[in-house]
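Subject: Handover of a structure

Dear colleague,

Please find below the structure that I am handing over to you.

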Amino acid sequence: MNILVTGVAGFIGSNFVYYYLEKYKDRKIIGLDKLTYAGNLENLEKLTPEQKERFVFIKGDINNQELIEYIFETYKIEGIINFAAESHVDRSIHDPQIFLKTNVIGTQTLLNVAKKYWQKDTQKFIDGVKFLQISTDEVYGSLGPTGYFTEKTPLDPHSPYSASKASADLIVKAYYDTYKMPTNITRCSNNYGPYQFPEKLIPLMINNALNHKKLPVYGDGKQIRDWLYVTDHCRAIDLVFENGRTGEVYNIGGHNEKENIYIVKKIIEILREKTGDKEINEKLIKHVKDRLGHDRRYGIDPTKIKEELGWEPEIMFDEGIEKTIEWYLENQDWMKRVISGEYLEFYEKNYGGK
Ligand code: NAD
């Protein structure tokens, strides 16, 4: 079985490639990625030689319909998991347009090609074959101090990023409602773990603290996010792709709600303990002007995926954050290369040409 996975060189996409090729020894991933600033092929270098034989990388844009058609035709694609996205809220506030282009139009381009090929080959959609859209809890907006997002919570996105993800979810739903295309949508809480681009909270704080730079915290730092270790997310995605009921949305989250300031202080504590560096301390924290339209609290109710598919998180926050910090400590060269932009040269060197 060949599946098309987009956004494979990003944080969650690359973790998913490792997870999936390890679990399914007879399957192949065709990985598509535009290699934006957030895409780094070095993230996939640790695949084993055997796994590399079951992984084909194609550099390209999910908006390129001709290319997607070529991939379907050449590799007889039997399912799509769409991770590709512009994913950083702050960037979406400064430059929303690319978010609409990639997250909305790109998703619709993928859906359109998938629909065409499934009809052409079979005159019906292949049983069990899916279009899985990887979405986010941010589409639900912000919560007060109590309550959780369920799959029935109305969409109420606030940032250009979350609005673009909500729009993509609606177009996926439309392809199911209109054409009965076999789709699913997963909406996950904040992920953390290896290979996350250092503009996001946890790797940013780790890197700044290691370099004794200020740790910028938005506003009072009491915004609450529900944190999930990335491999728990990958396992949930796999379950939905395999066994999720067609047309359904599944929320994914592990009831690990933490204030941002708690996360920052925890990182300081663990890093100081692991490195013995006394200059890593709370004096590095600098409260900065809050993000525009900053959502106050996200919290996921994962009852549906738990009851229908038997998913539960395996890695709780205290364990996950230790593992994550250890990974970044062991991979400081990766971090340096990412920050210096050196990884952009990696593709040219290893794959030649644009
Ligand atoms: P990321 O920014 O690390 O990776 C995104 C990848 O998509 C990059 O490799 C980038 O090069 C690629 N890409 C961007 N535009 C593209 C295009 N037009 N065509 C092809 N490839 C393109 O993001 P991530 O954190 O790995 O998130 C992956 C997905 O999961 C996103 O859809 C995001 O909305 C969703 N999500 C993320 C989180 C989180 O906490 N990180 C939580 C829930 C959902």
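Two strands are said to pair if DSSP finds at least two bridges between them. Helices (H or I, at least four residues) and strands (E, at least two) are DSSP runs, numbered from the N terminus. The model is a predicted one: local features need pLDDT of at least 70 and side-chain atom pairs count only at pLDDT 80 or more, while totals for chains, interfaces and linings use all residues. Residues are numbered from 1 along each chain as its sequence is written.

The seven-stranded sheet

An open sheet of 7 strands has the order S3-S2-S1-S4-S5-S6-S10, with parallel pairing. Strand S3 (55-59) and strand S10 (249-252) stand at its edges; each has a single partner strand, so one side of each is left without a neighbour in the sheet. Direction ignored, neighbouring strands of this sheet are turned by 20 degrees against each other on average. For such values, axes are lines fitted to C-alpha atoms, for helices over the stretch in contact, and angles run from 0 to 180 degrees between N-to-C directions.

Within this sheet, strand S6 (residues 183-188) and S10 pair in the parallel sense over 4 bridges. The bridge partner of Ile185 in S10 is Val249. H1 packs on the sheet and touches S1, S2 and S3, and its direction makes about 170 degrees with that of S2. Helix H3 (residues 65-75) also packs on the sheet, touching S1, S2 and S3, and its direction makes about 170 degrees with that of S2. Two residues count as in contact if their C-beta atoms, placed from the backbone, lie within 7 Å.

Strand S1 (residues 2-6) runs parallel to strand S2 (residues 28-33), and 5 bridges join them. Leu4 has Ile30 as its bridge partner in S2. S1 is mostly covered, with 4 of its 5 residues buried. A residue is buried if 20 or more other C-beta atoms lie within 10 Å of its own, exposed if 12 or fewer, and partly exposed in between, with C-beta atoms placed from the backbone.

The three-stranded sheet

A further open sheet is formed by 3 strands in the order S7-S9-S11, and its pairing is mixed. S7 and strand S11 (257-259) stand at the edges, each with a single partner strand, so one side of each is left without a neighbour in the sheet. Neighbouring strands here are turned by 50 degrees against each other on average, direction ignored. S7 and strand S9 (residues 224-229) pair in the parallel sense over 3 bridges. In S9, Trp227 is the bridge partner of Asn190. H8 packs on this sheet, where it touches S7 and S9, and its direction makes about 75 degrees with that of S9.

Helix packing

Helix H1 (residues 11-23) and helix H8 (residues 230-243) pack at an angle of about 60 degrees, their axes 9 Å apart. H1 and H8 are therefore oblique to each other; angles under 35 degrees count as roughly parallel, over 145 as roughly antiparallel, 65 to 115 as roughly perpendicular and the rest as oblique. Residues of H1, including Phe16 and Tyr20, meet residues of H8, including Cys234 and Ile237. The residues of this contact divide into 7 nonpolar, 3 polar and 2 charged. In these classes, Ala, Val, Leu, Ile, Met, Phe, Trp, Tyr, Cys and Pro count as nonpolar, Asp, Glu, Lys and Arg as charged, and the others, Gly among them, as polar.

In helix H7 (residues 201-210), the buried residues include Leu201, Pro203 and Ile206. Among the elements that cover the buried residues of H7 are helix H9 (260-275) and helix H11 (317-330). H9 and H11 pack at an angle of about 55 degrees, with their axes 11 Å apart.

Positive phi values

Most residues other than glycine have a negative phi. Leu35, in the loop between S2 and helix H2 (49-53), has a positive phi near 55 degrees. Leu35 is buried, with 20 other C-beta atoms within 10 Å. Lys180, which lies in the loop between helix H6 (160-179) and S6, has a positive phi of about 55 degrees. Lys180 is exposed, with 12 other C-beta atoms within 10 Å.

Yours sincerely
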